[in-house]
Amino acid sequence: EGTFVKPGDKLVELDTTDLVKDARNQQLAYQNALADVDRAKSELAILVEGNNTDKAKTNAQYEFDQNEADRAQKNLEKQKRLWEKKLVPGSRVEQAEFEVNSKKLALKKSEMDITLKDSECKRRESQRGAEVKNVQFRADMAKTTWDDAVARTKKAIINAPAAGMVVITKEWMGDGRRAFKQGDM
């Protein structure tokens with residue numbers, strides 16, 4: 001008391017032990033949340049890559065089935081021409097027609113598989129994307145909590161707002177009226 005100070009000089013420093021400990025814990029929670037965000041983003045990238053591979057397989061199967069259907073149709077046409085010339089029995093035409101129908105069904109199944117795979121992949125990617133947003137939100141909240149803890153720690157130091165003389169008020173304590181001193185609560 002009675003000391004002359006300049007603006008910004010430290011007047012009071014409160015005990016920050018608990019505040020510093022809380023700030024460290026919040027920093028650790030934030031770093032863990034960031035690791036969770038990285039993990040979730042990596043899982044999403046892996047899922048997208050796996051989905052692309054699955055779609056490529058489904059599309060390849062469709063192309064294969066398309067080629068098989070085309071081949072079966074050409075074989076049917078060939079068998080019909082041969083049958084018209086009486087070079088093959090009618091049973092071969094029937095067998096070729098059966099094969100065409102079978103290949104067309106396989107092609108239709110492949111088309112439906114593509115549609116199903118696309119919707120399944122979109123659903124899984126959307127779900128994983130929502131998880132990434134949720135984890136990112138938790139990381140943002142952890143960052144805010146950490147920033148608040150750091151701000152409380154900084155507020156534990158009271159600096160002079162202007163030049164002047166320090167005057168400490170006297171308060172009633174358990175041992176009578178006296179000025180604040182180090183260690184007071």
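Me: Where is the place of Gln-136?
Reply: This is a predicted model, in which local features need pLDDT of at least 70, side-chain atom pairs count only at pLDDT 80 or more, and totals for chains, interfaces and linings use all residues. Residues are numbered from 1 along each chain as its sequence is written, and side-chain values use heavy atoms, with hydrogens and water left out. Helices are DSSP runs (H or I, at least four residues), numbered from the N terminus. The place of Gln-136 is in helix H2.

Me: Is Gln-136 exposed, partly exposed or buried?
Reply: Buried means under 20% relative accessible area and exposed over 50%, with partly exposed in between (1.4 Å probe, protein chains only). The relative accessibility of Gln-136 is 27%, so Gln-136 counts as partly exposed.

Me: Which residues is Gln-136 in contact with, leaving aside neighbours within four places in sequence?
Reply: Contact means heavy atoms within 4.5 Å. With neighbours within four places in sequence left aside, the residues in contact with Gln-136 are Val-37 and Lys-41.

Me: How many Å apart in space are Gln-136 and Val-166, C-alpha to C-alpha?
Reply: In sequence, Gln-136 and Val-166 are 30 residues apart. In space, C-alpha to C-alpha, the value is 47 Å.

Me: What separates the C-alpha atoms of Leu-28 and Ala-142?
Reply: Leu-28 is in helix H1 and is partly exposed, at 46% relative accessible area. Leu-28 and Ala-142 are 114 residues apart along the chain. Their C-alpha atoms are separated by 9.2 Å.

Me: Which side chain of opposite charge is nearest to Asp-65?
Reply: Asp-65 lies in helix H1, residues 17-84, and touches Ala-106, Leu-107 and Ser-110, not counting residues up to four places away in sequence. Asp-65 is buried and has no salt bridge, a term for a side-chain nitrogen of Lys or Arg within 4 Å of a carboxyl oxygen of Asp or Glu. At 6.7 Å away, the nearest side chain of opposite charge is Lys-103.

Me: What is the relative accessible area of Arg-81?
Reply: The place of Arg-81 is in helix H1. Arg-81 is partly exposed, and its relative accessible area is 48%.

Me: Where is the place of Lys-86?
Reply: Phi of Lys-86 is near 65 degrees, a positive value in a residue other than glycine. Lys-86 is exposed, with 70% relative accessible area. Its place is in the loop between H1 and helix H2 (90-154).

How values were computed. Helices (H or I, at least four residues) and strands (E, at least two) are DSSP runs, numbered from the N terminus. Lys and Arg count as positive and Asp and Glu as negative; His and the chain ends are not counted.
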